[in-house]
Amino acid sequence: MVKGDKPMLDTWSQIRHLQSKGVRFIHITEDEAVSYLQNNNNYFKLCAYRKNFPKHPAGKRCGEYIGLDFAALIELSVLDMRMRYIFMSMALDVEHFAKVQLLKEIELREGNGYQIIEDYFSTIQCKDRQNHGKSHERLIADIRRQEDNPYCGGIIKKYDGCYPVWAFLEIISFGTFIDFYRFSGSHLMDKEISDKYYLLRTIKDLRNAAAHSNCLIHDMGAKDSRFRPDYGMLRALNKISKAVKDNQLKNERMRQMVTLLYAHTVFVNSPGVRRHTGEKLQLLTTRLFRHREFYRSGNNILEGFSFFKAAVDNLC
């Protein structure tokens, strides 16, 4: 066995291991837990939510979780799933309206949908020469790999490397779009676009996490954010105390989630889309507290949920 490798546990062994860590089976039986792990979720992902609960610091039960029931892990996984679906939808809204608005600005100011893409490619190639990079090569390869894609392959073949901006926006990844958005802000000398770029960059990781079913609320007590929250967002959250905002937004996952809420209000100008999203968020925030009794020992969870609800009420 390679050093550091852990043996794969069968389902009953997983249950016994959780019990040895202090996890209780009061609200759900062991048999029901086994069925859940075999049919609904995997052990590794479910255990990620344990980080939201404290451990006994000393004594006979040192290192065991305090007041953690298996049902609480299931509930958090359900909430996480609902959040991922909503966040993915919101991120797609932001991407769509950001593209619509950027295209409008380019059409108004440039009048030539081809030149700005040529300038963008030239800028990437110049940076590659300076830094011995391969960004342009990778971008072209990424586009070429989609030639047989039934959704955008026809666009790639039609323009064959000479893309107008309206076609280019249809065939690039979200990451490339964010980089092009940054370039466009500088190219058009538009401070508003440049400022909005940081919102897009902030929500990128959350969008990817939601798309890949990563756990979003697995460590709500961590103070691990390396970046300052957007100033406009902080002003929009003016009904929440500064102390609460400072504390909660030090968590990187929370900072990204609330930034997405704010970005949705900044980019999305459709009343219907905003109303529909607001309704879904209100249902979610109500659902967050359905089983608050599960989190009596996990103050970080209830504090995080309360802040998120306040942010929804403020912004949406």
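Guide: A definition comes first: axes are lines fitted to C-alpha atoms, for helices over the stretch in contact, and angles run from 0 to 180 degrees between N-to-C directions. This is a predicted model, in which local features need pLDDT of at least 70, side-chain atom pairs count only at pLDDT 80 or more, and totals for chains, interfaces and linings use all residues. Residues are numbered from 1 along each chain as its sequence is written, and side-chain values use heavy atoms, with hydrogens and water left out.

Visitor: How many helices and how many strands does the secondary structure of the protein come to?

Guide: Helices (H or I, at least four residues) and strands (E, at least two) are DSSP runs, numbered from the N terminus. Along the principal axes, the C-alpha atoms fill a box of roughly 70 × 55 × 35 Å. The secondary structure comes to 15 helices and zero strands.

Visitor: What percentage of the residues of the protein count as buried?

Guide: A residue is buried under 20% relative accessible area, exposed over 50%, and partly exposed in between (1.4 Å probe, protein chains only). The protein has 316 residues, and the share of them that count as buried is 47%.

Visitor: Among contacts between residues at least 6 apart in sequence, what percentage join residues at least 24 apart?

Guide: Contact means heavy atoms within 4.5 Å. Among contacts between residues at least 6 apart in sequence, the share that join residues at least 24 apart is 72%.

Visitor: Why do the buried residues of helix 1 line one face of the helix?

Guide: The buried residues of helix 1 (residues 11–20) are Thr11, Gln14, Ile15 and Leu18. The arc is that of the directions from the helix axis to the C-beta atoms. Seen down the axis of helix 1, these buried residues line one face because they fall within an arc of 100°.

Visitor: What covers the buried residues of helix 1?

Guide: At the start of helix 1, a side-chain oxygen of Asp10 comes within 3.2 Å of the backbone nitrogen of Trp12. Just after helix 1, Gly22 has a positive phi of about 95°. The cover over the buried residues of helix 1 includes helix 2 (30–39), helix 3 (43–47) and helix 4.

Visitor: What distance separates the end C-alpha atoms of helix 5?

Guide: The expected span of a helix is 1.5 Å times one less than its number of residues. Helix 5 (residues 115–131) has 17 residues and should therefore span 24 Å; the distance between its end C-alpha atoms agrees, at 24 Å.

Visitor: Within what arc do the buried residues of helix 5 fall?

Guide: Helix 5 has as its buried residues Ile116, Ile117, Tyr120, Phe121, Ile124 and Asp128. Seen down the axis, they line one face of the helix, because they fall within an arc of 140°.

Visitor: Which residues are exposed on the other side of helix 5?

Guide: The buried residues of helix 5 have a cover that includes helix 4, helix 6 (135–144), helix 8 (165–171) and helix 9 (174–187). On the other side of helix 5, the exposed residues are Arg129 and Gln130.

Visitor: What is the orientation of helix 5 and helix 6 to each other?

Guide: Two packed helices are described by the angle between their axes and the distance between the axes. The axes of helix 5 and helix 6 come within 8 Å and cross at roughly 135°. Angles under 35 degrees count as roughly parallel, over 145 as roughly antiparallel, 65 to 115 as roughly perpendicular and the rest as oblique. Helix 5 and helix 6 are therefore oblique.

Visitor: Which residues of helix 5 and helix 6 make the contact?

Guide: From helix 5, the contact draws on Tyr120, Phe121, Ile124, Gln125 and Asp128. From helix 6, the residues are Ser135, His136, Glu137, Leu139 and Ile140.

Visitor: Is His132 buried or exposed?

Guide: His132 lies in the loop between helix 5 and helix 6. Its phi is near 55°, a positive value in a residue other than glycine. With a relative accessible area of 73%, His132 is exposed.

Visitor: Which residues is Thr265 in contact with, leaving aside its neighbours within four places in sequence?

Guide: Thr265 is found in helix 13 (residues 252–267), and it is buried, with a relative accessible area of 19%. Helix 13 is mostly covered, with 15 of its 16 residues buried. Leaving aside neighbours within four places in sequence, Thr265 is in contact with Arg274 and Leu315.

Definitions and conventions: A polar contact is a pair of N or O atoms within 3.5 Å; within protein, one must be able to donate a hydrogen and the other to accept it, and residues adjacent in sequence count only if both atoms are side-chain atoms.
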